[in-house]
Amino acid sequence: MITIYISNRNVIFIFLIIFLYLFNNINPYLFVYGDVQQKLNKVQNCKDSELVNEIVDNIKEYNQPTKDNEFFTFTADVLDDNNYVKESKQSNDLMNFHHIKKYDMSGKLIDSWGIKGIKKGEFLHPHGIASDSKGNIYVSDAILCNIQKFDQNGNFLLKFGKMGDGEGEFFQPEDIAIDKRDNIFVVDYVTGHVQKFDQNGTFISMWGSKGTKTGQFMKPWGIGVDSHGNVYVGDQENPVIQKFDNNGKFITKWGSYGSKPGEFVHIHDVSLDSKDNVYVTDGRDNSRVEKFDNNGKFLEMWGSKGGQNGQFIEDHGIAIDNSGDVYVVDTRNVRIQKFSNDGDFLSKWGILGCKDDQFLIPHDITIDPKGYLYISDSGNVHFRANYVCN
């Protein structure tokens, strides 16, 4: 006799998997709770990439949410070990949730767009977000493995990228940064690549590989560009900041694992102000913001773990406006916090919910030339979402 201990939270899911496996010959690996993200986690060691590529590329039909069915679903033909399966996926996003939200500097909602889907202007897992000199907005999708470009009103302009590890391809594109010439830089969490594109999505160059040596990355997540076009990349697993010129030539690096000034535990984002000071969000255990000059000299830091003003629970995106005020995405507290350039708390906004002026799991933030803020919200993985979105 075999006894299996499971939590109440997962009992329905486990029985569903057993049912599908016994009666439909569906490989449980292929039927994923929530969305495709857990499949993509399998790809992080470059395993099963062909299978995941088929799942994303061979989507044949999809259904947008309706009043009777609050879930986005899509169907794809994917071969399992027995060379057969036709499956249906579901996300736990609710009907008409918008993933991109536009605010003024006081936190007033201006606009929102981008629902769950695979069409132009839709997302499965939006993450990085950046603005160019004209106010166009670029958004990375960590599941669809592409970058989409919109005007400042949310109108779709173009997209580029697909799954792969070659030029112009991604396995898990995360953060985006744009220089003064509107060249676009994208970090890939899985491959360890930094790729450079022009404003039309044309591939220009690529550097980086897996590793801990100079010019290598283990899990690059954040990226920023200074006024001279130098590129700064933050690595989560090897917690350092590396600085490169605009073509990927290594300049310097700083940081190590720890909680002392100038050290990091879990780097998320990298952003620069008009004086080329570097700001780094260090989420999870440290839950703080660190500020450096552009050569890596430590200047100051603020924040700690918690839910009070000036505290964070997994701070992600960070952006600095022209006056030097700093905006931080406080992901697990489901809010945006605004600080002075020296880290003094100024204001906050955001609550958990599915309305346009609310968040499920906000990730990244950018500021356009007119001073409007744009926030990406993946919308499908917050642990409390099912309780608050009815």
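The model described here is a predicted one. The phi angle of Val334 is near 55 degrees, which is a positive value in a residue other than glycine. With a relative accessible area of 1%, Val334 is buried, because the cut-off for that class is under 20%.

A positive phi in a non-glycine residue is also found at Cys145, where the angle is near 60 degrees. Cys145 belongs to the loop between β7 (137–141) and β8 (146–150). The relative accessibility of Cys145 is 0%, so this residue counts as buried.

A positive phi of about 85 degrees occurs at Gly201, in the turn of the hairpin formed by β14 and β15. In this hairpin, 5 residues lie between the two strands. Strands β14 (residues 194–197) and β15 (residues 203–207) run antiparallel and are joined by 4 bridges. Phe197 has Phe203, in β15, as its bridge partner.

An open sheet is made up of 4 strands in the order β16-β17-β18-β19, and the pairing is antiparallel. The edge positions are taken by β16 (220–225) and β19 (250–254); each has a single partner strand, so one side of each has no neighbour in the sheet. On average, neighbouring strands of this sheet are turned by 20 degrees against each other, with direction ignored. Within the sheet, the antiparallel pairing of β17 with β18 extends over 4 bridges. One of the residues involved is Gly234, whose bridge partner in β18 is Ile241.

The loop between β17 (231–235) and β18 (241–244) contains Pro239. Pro239 has a relative accessibility of 7% and therefore counts as buried. When residues up to four places away in sequence are not counted, Pro239 touches Gly255, Ser256, Tyr257, Phe264 and Ile267. For one of these contacts, Tyr257, the separation along the chain is 18 residues, and the C-alpha atoms of Pro239 and Tyr257 are 5.8 Å apart.

Gly128 is placed in strand β6. Its relative accessibility is 0%, so Gly128 is classed as buried. Apart from neighbours within four places in sequence, Gly128 is in contact with Tyr138, Val139, Ser140, Glu174, Asp175, Ile176 and Asp364. Between Gly128 and Asp269, which are 141 residues apart along the chain, the C-alpha separation is 9.5 Å.

Two or more lining residues are given by each of β6 (126–131), β12 (173–178), β16, β20 (267–272), β24 (315–320) and β28 (362–367). By residue class, the lining of the second largest pocket comprises 16 nonpolar, 9 polar and 13 charged residues.

Conventions
Residues numbered from 1 in each chain as written. Predicted model: local features only at pLDDT ≥ 70, side-chain atom pairs only at ≥ 80, totals over all residues. Heavy atoms only, no water. Buried < 20%, exposed > 50% of the residue type's maximum accessible area, 1.4 Å probe, protein only. Contact = heavy atoms within 4.5 Å. Pairing = 2+ DSSP bridges. Axes fitted to C-alpha atoms, helices over the stretch in contact; angles between N-to-C directions. Nonpolar A, V, L, I, M, F, W, Y, C, P; charged D, E, K, R; others polar.
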